[in-house]
Amino acid sequence: MELEGIRHRVATLNILINCFCRLGVLSFGFSTLGKMFKLGIEPDVITFNTLINGLCVQGKFAESVTVFNEMVRDGYQPDLITYGTLVNGLCKIGKTTEAIRLLKKMEQGGFQPNAIVYNTVIGSLCKDRFITEAFNLFFEMNDKGILPDVFTYNSLIQAMCDSQKWEEVKILLSEMVGRGIKLDVCTFCILVDAFSKEGMVSDTQKLIEEMIKQGIEPNIFIYNALIDGYCLRGEMDKARKVFDLIINKGYVPDVFSYSIMINGYCKARMVDEAVKLFHKMSDRGLTPNTVTYNTLIMGMCQVGRLCAALELFEDMVACGQVPDLMTYSIMLDGLCKHGHIHKASELFQGMQKNGFQLNIVHYTVLIDGMIRAGHVTGAKELFSRLATKGLRPNVYTYNIMIKGLCKAGAPNEAYELFRTMEKDDCLPNDCSYNTMIRGFLQNKDTSRARQLIDQMVGNGFSADISTSAMVVDLLLSDGTDLLRSGKVDTSEKITGADVK
């Protein structure tokens, strides 16, 4: 154009900027803006809108706000598209408060936000669980004569379902019908998913029937939600019928469909059925994801089939699925609970080598496994390393250590740990007291057991069945310190009304 002597126009350069933005080369877009200034061509609102939109598409929301501010500062007047693009961008990065401020700024600038802009902010508020603010904006829309649409109602219905406010859901649905707004696939998906998660499968079935009546064909998401509802209720036969039904209808179950069914079978301890479905996934050309593997590994661990769990773990790595922290946590827990402490220790070291951020729960699981396996010394060493790792033991960690030390015939060391709890701002609970009292009684230290019983009752805790039984046995035996001391009143409290 320049060689032919044809003058550039703002419309032509705007097209060029739009092309650069769509291609994702924003630097060229901004270079073109610089060229406009050099050529003395005044950019217009379309120029800035294009650049702001390009930045938002690339997730550069902070930069888009900067361009907006510079645009206003230099005297360019934003339009409805400018505000709408920015509001959408701010909501996407969770800056809903700033989006609301921009909404007010629009009105001050003489622009009336439309339903799309309101829907964006209402949707963001609902996601952030600012329900009151979302409804205030909804009422503001109505007051200004801006009619809400199906998108507005879907956001509010989703929020009410998440809060389990079923009456409000009914009111919103009634309003939609009253205003002649038809429920769309998204509305049905929200309702079906919510009802299924609550185990309200009869309501879910009615919704699906209503969908079909309205000529809306249920999609795979709808059927997955119904299957999940049956699985949550443990009704695996019904879940399988729906699963088979969708295949017969010509739908292809996805990885999520299989994962739901596998999870349901595992929870029902029907792991063989889960394994069959797992193998069918491969037959249908589907690759199990990390969630699928984690679910089946957990199922195997729960029924004590550790070899099968380890095989799945190895298969997962071989198939290119990277085990995540949840995978390792499930394996660690399973190995520890079933006494495979050597393999658990190896796995724990592997977790550290792979750069996983281990928390107190992981350490507590391994400490518990060591105690169960009789490796008290190893448990003590691991416990002593917590401070160097920047971790603080919780009440469960302390209780496990106290129990292990008492079982190993070291009640004094256990009691030292018990006294340390308060210093570490970790108050002993009823389990801590009962464990320590039983430790003293098992080691024939009835005097300190009696003192701790008084302290426990004074702190509002009571004995569990095991502690009560031990106290009763001591009361019935001859020559115990409890009987000689005359402290029958305390033991009566323990073995009487205060017993859990």
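The dialogue below concerns salt bridges in this predicted model.

Me: What is the general idea, and how many salt bridges does the structure hold?

Reply: Side chains of opposite charge can pair when their charged atoms come close. In this structure there are 16 salt bridges.

Me: With which residue does Lys104 form a salt bridge?

Reply: The partner of Lys104 is Glu140, and their closest N and O atoms are 3.1 Å apart. This pair links distant parts of the chain, since Lys104 lies in helix H6 (residues 96–108) and Glu140 in helix H8 (residues 131–143), 36 residues apart.

Me: Are Lys104 and Glu140 buried or exposed?

Reply: Lys104 is partly exposed, at 32% relative accessible area. Glu140 has 18% relative accessibility and therefore counts as buried, the cut-off being under 20%.

Me: Which side chain does Lys144 meet in a salt bridge?

Reply: Lys144 meets the side chain of Glu140, with an N to O distance of 3.2 Å. Lys144 is partly exposed, at 35% relative accessibility.

Me: Where do Asp368 and Arg372 lie in relation to each other?

Reply: Both residues belong to helix H21 (residues 360–372); because they are four residues apart, about one helical turn separates them. Arg372 is exposed, with 53% relative accessibility.

Definitions and conventions: Residues are numbered from 1 along each chain as its sequence is written. This is a predicted model: local features need pLDDT of at least 70, side-chain atom pairs count only at pLDDT 80 or more; totals for chains, interfaces and linings use all residues. Side-chain values use heavy atoms; hydrogens and water are left out. A salt bridge is a side-chain nitrogen of Lys or Arg within 4 Å of a carboxyl oxygen of Asp or Glu. Helices (H or I, at least four residues) and strands (E, at least two) are DSSP runs, numbered from the N terminus. Buried means under 20% relative accessible area, exposed over 50%, partly exposed in between (1.4 Å probe, protein chains only).
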